[in-house]
Amino acid sequence: MKTNLAVPTVAQSPQSSSLQALIRRYQPGQSLPQEFYTDEVVFQADLRQIFYRSWLFVGHSCEVAQPGDYLTVTVGDESLVVVRDRDRLHAHFNVCRHRGSRIALASCGQAKALVCPYHQWSYQLDGQLRGARLMGREFDRAEHGLISAQVRELAGLIFVCLAAQPPDFEAAVDAIAPQLTPHRLDQAKIIARHTYTVSANWKTLIENNRECYHCAGAHPEFFLSNYDFGLPGDTRATRRYQKSLAESYQRWQAMGLAPREVSFPDGGWFRVARLPLKPPFLTESLTGQLTAPLMGDFTQPEVGSLRIIGLPNFWGHANADYAMTTRVIPLAVNQTQIDVAFLIHPDAVEGRDYSPADVAAVWQATSEQDWQLCENNYAGIRSSAYRPGPLSPLTESSVTNFLTWYLHQLS
């Protein structure tokens with residue numbers, strides 16, 4: 001049988017008292033003290049107390065649609081194999097129960113069984129040990145199944161949690177699934193994927209995503225179709241935006257889309273909101289026109305853009321014709337891996353129905369602009385001249401909210 005055991009609780013390190021003292025130095029309404037972005041002790045605490053305990057976005061249901069399909073993801077010292085068998089999806093620690101070797105070495109693949117390349121122990125897709133040669137008569141295969149983690153699918157998105165007692169997931173399902181399901185990401189296909197290594201601490205990327213203070217000056221492609229309003233805590237608005245939002249809600253409700261903004265309820269880890277695009281834009285494209293066929297259940301394109309974020313490592317936009325997801329994985333205190341994927345209708349034909357470059361144009365440009373902004377920001381944070389700076393109460397309240405959530409996880 002497989003073993004349902006997640007990452008054990010780690011005793012407090014000798015540096016715990018200094019970390020708590022650092023937390024007490026934080027002044028609400030400001031950016032964090034420098035050590036939160038540059039100190040290795042803090043980075044290890046981030047892994048241990050946030051990434052090893054939270055729901056993490058790892059991929060898409062369409063990537064593991066058939067029995068035997070698998071993908072792997074590595075966070076810190078932990079590696080998981082997410083694999084589908086005939087019955088359901090599983091997430092196993094990528095650790096052989098013999099002497100600990102990694103089992104799956106590729107980022108994705110198709111397999112009838114999971115076979116360790118070291119001594120060829122083989123496991124069924126559900127984690128049960130199938131074969132272990134030369135182990136003697138007294139060896140009990142049933143006691144040496146793979147150790148498993150929690151895994152959930154949410155309207156085509158896959159989340160895992162390494163903790164034995166994960167945070168609540170049902171509230172996210174209730175809020176997000178009714179709004180994301182019509183896009184049918186579980187039936188979509190990925191037509192482009194861009195992977196980046198950004199020279200910045202992971203928190204600078206999340207902070208950047210949590211505000212649009214910088215959007216008008218930094219993101220001309222994004223700003224073509226998007227208002228720079230709509231984030232929780234952003235007090236700015238115009239009559240034009242408020243009118244567009246009200247009219248859009250009426251239209252979406254008539255279409256059966258059930259639009260509802262849910263922003264980090266009770267200090268939680270997720271947000272979802274469907275927001276209007278600037279007329280006459282139908283999608284987040286350079287021209288305003290659709291870049292691919294309508295996705296999922298849609299029969300008309302005026303569905304705005306559904307925005308989703310899951311702390312600590314996910315955000316995405318779902319439009320009428322394509323969806324974009326961003327996965328954040330910390331590699332080191334000063335280095336972060338980003339994976340940006342683009343999904344469209346599974347029957348669309350390249351060259352006839354879409355061009356990958358056109359689908360990805362806005363978010364490739366916007367993402368790469370953000371990575372440069374974050375690297376510049378992090379370079380300044382590392383300076384001896386850095387001091388925590390004031391956050392705008394008009395446009396950066398969402399950054400303050402993220403920092404509050406982050407420090408609560410460390411406390």
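**A friendly note on strands, sheets and helix contacts**

1. Let's begin with a pair of strands. Strand 3 (residues 69-75) and strand 4 run antiparallel and are joined by six bridges. In this pairing, Thr-72 stands opposite Val-81 of strand 4. The two strands make a hairpin with two residues between them, and Gly-76 in that turn has a positive phi of about 60°. Please keep in mind as you read that this is a predicted model.

2. Now follow the chain through strand 4 (residues 78-84). How many of its seven residues are buried? Six of them are, so strand 4 is mostly covered, where buried means under 20% relative accessible area. Strand 4 also pairs with strand 5 (residues 89-93), antiparallel and through five bridges. Here Arg-84 stands opposite Leu-89 of strand 5, and a hairpin of four residues joins the two strands. As background, strands of a sheet pair through backbone hydrogen bonds, either parallel or antiparallel.

3. Next comes an open sheet of three strands, in the order 7-8-9 with antiparallel pairing. Strand 7 (114-115) and strand 9 (129-131) are its edge strands, each pairing on one side only. Two bridges join strand 7 to strand 8 (residues 122-123), and Leu-114 has Tyr-123 of strand 8 as its bridge partner.

4. Another open sheet has seven strands, also with antiparallel pairing, in the order 12-18-17-16-15-14-13. Why is one side of strand 12 (189-198) and of strand 13 (262-263) left without a neighbour in the sheet? These two strands stand at the edges, and each has a single partner strand.

5. Look at helix 4 (residues 170-180), which lies across strand 13, strand 14 (270-275), strand 15 (305-310) and strand 16 (314-318). Helix 4 runs at about 25° to strand 14. Which residues of helix 4 are buried? They are Ala-172, Ala-175, Ile-176, Ala-177, Gln-179 and Leu-180. Their cover includes strand 10 (147-154) and strand 11 (157-161), along with strands 13, 14, 15 and 16.

6. The axes of helix 5 (residues 202-209) and helix 9 (residues 356-381) come within 9 Å and cross at roughly 125°, so the two are oblique to each other. The crossing is right-handed. Helix 5 brings Thr-204, Leu-205 and Asn-208 to the contact, while helix 9 brings Asp-370, Trp-371, Leu-373, Cys-374, Asn-377, Tyr-378 and Ile-381. Sorted by class, the residues of this contact are six nonpolar, three polar and one charged.

7. On the helix 3 side, the contact is made by Val-42, Ala-45, Asp-46, Gln-49 and Ile-50; on the helix 10 side, by Trp-405, Tyr-406, Gln-409 and Leu-410. This contact divides into six nonpolar residues, two polar and one charged.

Terms used. Residues are numbered from 1 along each chain as its sequence is written. This is a predicted model: local features need pLDDT of at least 70, side-chain atom pairs count only at pLDDT 80 or more; totals for chains, interfaces and linings use all residues. Side-chain values use heavy atoms; hydrogens and water are left out. Two strands pair if DSSP finds at least two bridges between them. Contact means heavy atoms within 4.5 Å. Axes are lines fitted to C-alpha atoms, for helices over the stretch in contact, and angles run from 0 to 180 degrees between N-to-C directions. Angles under 35 degrees count as roughly parallel, over 145 as roughly antiparallel, 65 to 115 as roughly perpendicular and the rest as oblique. A crossing is left-handed if the near helix is turned anticlockwise from the far one by less than a right angle, and right-handed if clockwise. Ala, Val, Leu, Ile, Met, Phe, Trp, Tyr, Cys and Pro count as nonpolar, Asp, Glu, Lys and Arg as charged, and the others, Gly among them, as polar. Buried means under 20% relative accessible area, exposed over 50%, partly exposed in between (1.4 Å probe, protein chains only).
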